[in-house]
Amino acid sequence: MDLSNAPSIPFSEAGRLSALLDLEILDTPAERDFDELTRLAATALGVASSAISLIDKDRQWFKARHGIPFTETPRDVAFCNSAVASRDLLVVPDATLDERFSSNPLVSQEGGIRFYAGAPLIATSGHCLGALCVFDPVAREGLTEAQRAMLMDLARLATDLIECRRLRNMGEIAARVVDATSDAVVAADRKGTVVYWNPAAERIFGRSREEALGRHVDMIIPARLAKDYREMFERATAGGGRGDLGGFVEMAGLRADSSEFPIEISLARWGSGSPVGGFAAIIRDITARKAVEREREHTQSFLDTVVTNLPAMLFVKDTQTRQYLMVNQAGEDAIGRPASEIIGHTDRELFPRNGADYERRDSETIASGSAKVFESEFIRDDGQSVHFRTIRKVIDGPDRPGQYLLGISEDVTATRLAEAEVLRLAHYDSLTGLLNRTSFTDGLYGLVRKGEPFAMLSIDLDRFKAINDQFGHPVGDVVLSQVADRLSEAVPQEGWVARIGGDEFIVFLTGAQLRERADELASSILNSLADPFPTDRVVAHVGASIGIVLMPQDGSTTEQLRENVDLALYRAKRMGKGKACFFNPEMDADAQDRRKLETELREAVERDELDLAYQPIFSARTGQITSAEALARWTHPDRGPIRPDIFISVAEECGLIDRLGEQLLRRACCAAQSWPDHVRVAVNLSPLQFHSGRLIETVRRAIDSSGIRANRLQLEVTEGLVIQDVDRTFQQLEELRALGIQVLIDDFGVGYSSLSYFQRFPFDKVKIDKSFVDEIATSRTAKAIVQAVVGLGSALGMGVVAEGIETEEQMRLLIEGGCTHLQGYLLSKPVSAHVFQQMLARPHNFGIKATRAA
């Protein structure tokens, strides 16, 4: 409340006391708003005690107090009495040095007041009711200008709270709500004459209150709908018909400029009977919503047209049943059957010859979690052979993650036929006389398609690039020709050789005992290529490395075999030049590295070497740190910092997550125990911790061993956790809540939770996912989602935390949107426990400046 224009009246003690009594606040019970304000004042100014002090005739009575063991004092010892007399901010740096207070018993007693500051509570009537005071047993230099302004602002807020108590009756609240609502509220008597017209009605219909009052309600009704409206109004006045129970009906409204627009209207009767009473209407302008609906319908129609006319075959299957759910027109044409004969069936049912292979490819895609590309030949019912190149990808559905398998198949028959013609015309490499790359591709494809076992040797010359660089391409060409000759001599009749690149060769070997024969052939080739290569200019020394795969042991598709032979060749080169290496499943470097990382993580957990960083979370209203999210950190002695998403997933996969989670939870609780009492610590929980059955006991031990109060611990769970085992999850969440722990739902808006879960469990806070925060300034959808989450949080009494804030614009929009807490790199990156402790020691240097929405 701004009292800059409050009346300045001559001092009258009787008038002041009368104004105080009229407020009916003396000796009333404690109220949360007042108590929170005093706690805020003490925290903000860094003092031990604060109070909202009201000066009665003979006493000082505290409406709210923080750090004060008594409820009132005699008026003659009250510091606030001086603030009331001066009607100005009173600051006493050291009461023992101030002759006005040095002999005051509140000062002279042990632990008495040394520092005091009091801001007067000036009512709108101009009378001073008391003071918002803060004091401390330690002397201070005084208050900064910012602190003085803050204390005066808090005093004005306290005065507002005092005066607003008298306005808390239902009639006044209802009037304010009606005036403030964005919906038009219109009331008419039994004759249809408008008797009430709120500000929203002025805005929506374009008529001022003065213009509307006394006119017939027909002025907001299109003439063509007047009869329908009158019948509806009559039913509402009589207490029956549509809308009188609060339901909305879509109709059309008429503005002052005679333009029509879509509305929703809900009617109810008012008054007890003739001649008193009539009907009241809540009217909502739904022009924007209708525009969105039309846009959505147009978009859906457009997408349907695109899918229908897509030149490539598009299909969707259920990942569990493997049944087709949708096939477009191109799919019907490609398969040669109508969609009605395809939808609801599986590949095994539709295509007995190849259905199992199609479903295997589906399974590979589902297991990989990423898009997979396959190529296959399809025989239509009419006997025509078609080659398809299909991209498969798993997508989430409304019922569960990974619900659908999306496939797009391109008919590559013409391409394959053209390739076959090119192969027929050019099978051989012009330099070496060996089969060329195209022949190799065709031969490999043919062998894989027939399923014939074979060995493939990938040969890479070790020092060929240096020869080309030093002696030029003519010498290099001579060497390549000699390499081709030696390979042709070494390869038996059951095999063939191809040159697929500059110094890259492939040897295929068919028949029996492939592994033994491939090993012998590789040794023979290495020995042969180790001999010098004489040329006109120089004697070259080359050598080679060889990678070997076996079909079908090491892969059943061309893609798999080529990838795996490259891995084997890579391993051979790492073993040293002139080596041959067979592929084995352990060659995947990532897999090997992950297994090594698992071992090192197990050792690190055993030594309790993982640490925590703390990212502050700020109050959007005060800018103060209210909590910190504990984030796991692991600095490997050789690898350096390991990303949390990597080592946490490793811990979950190898069964370490329970022990690691217990260590981190205990460490977070111990660290938070040294923080100020109002600062909480938030710890993320893995879904696997809920499955172990030991979570509740783990949390109890962490609380007991650290000594932290349970209500200072926050546990964060993700939406994805909730749906895995709903009943068991909520049972454990309820047990945690029973301990006094706060429970937060993290990454809200990107999971798959039903809103009904909020009926089953009262989460303390909801965290808006960073993906929406990133786009709030540019995406109407993201902004709408944030507003919806804020509205949900407000309605359910939950705090709303926006995480991942990186720009001032994002922070402003989130504060204006009603988010209660803020987190992100703009405010603070995750910091060490020591740095966070320093931030807490200097709360006014690390806050954010809270802003208010206009």
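In which sense do β27 and strand β28 pair, and over how many bridges? The points below start there.

1. β27 and strand β28 (residues 713-718) pair in the parallel sense, over 4 bridges. Two strands are taken to pair if DSSP finds at least two bridges between them. Within this pairing, Leu715 of β28 is the bridge partner of Val683.

2. On the basis of the model: this is a predicted model, in which local features need pLDDT of at least 70 and side-chain atom pairs count only at pLDDT 80 or more, while totals for chains, interfaces and linings use all residues. Residues are numbered from 1 along each chain as its sequence is written, and side-chain values use heavy atoms, with hydrogens and water left out.

3. Strand β27 (residues 680-684) is also joined to strand β25 (residues 625-636), by 4 bridges, and these two strands run parallel. Here Ala630 stands opposite Val683 of β27. Strands are DSSP runs (E, at least two residues) and helices likewise (H or I, at least four), numbered from the N terminus.

4. Helix α24 (residues 695-706) packs with helix α26 (residues 726-738) at about 20°, the axes lying 10 Å apart. Axes are lines fitted to C-alpha atoms, for helices over the stretch in contact, and angles run from 0 to 180 degrees between N-to-C directions. α24 is therefore roughly parallel to α26 (an angle under 35 degrees; over 145 is roughly antiparallel, 65 to 115 roughly perpendicular, the rest oblique). From α24 the contact takes Leu695, Ile696 and Val699, and from α26 Gln732, Glu735 and Leu736; contact means heavy atoms within 4.5 Å. These residues divide into 4 nonpolar, 1 polar and 1 charged. Nonpolar covers Ala, Val, Leu, Ile, Met, Phe, Trp, Tyr, Cys and Pro, charged covers Asp, Glu, Lys and Arg, and the others, Gly among them, are polar.

5. The axes of helix α2 (residues 32-45) and helix α5 (residues 145-164) come within 11 Å and cross at roughly 175°. The two helices are therefore roughly antiparallel to each other. Contributors from α2 include Phe34, Leu37 and Leu40, and those from α5 include Met150, Leu154 and Leu161. The contact of α2 with α5 divides into 13 nonpolar residues, 1 polar and 1 charged.

6. Thr365 is found in helix α13 (residues 355-368). Thr365 counts as buried because its relative accessibility is 0% (buried is under 20% relative accessible area, exposed over 50%, partly exposed in between, with a 1.4 Å probe and protein chains only). Apart from neighbours within four places in sequence, Thr365 is in contact with Ser370, Lys372, Phe374, Arg392, Lys393, Val394 and Leu405.
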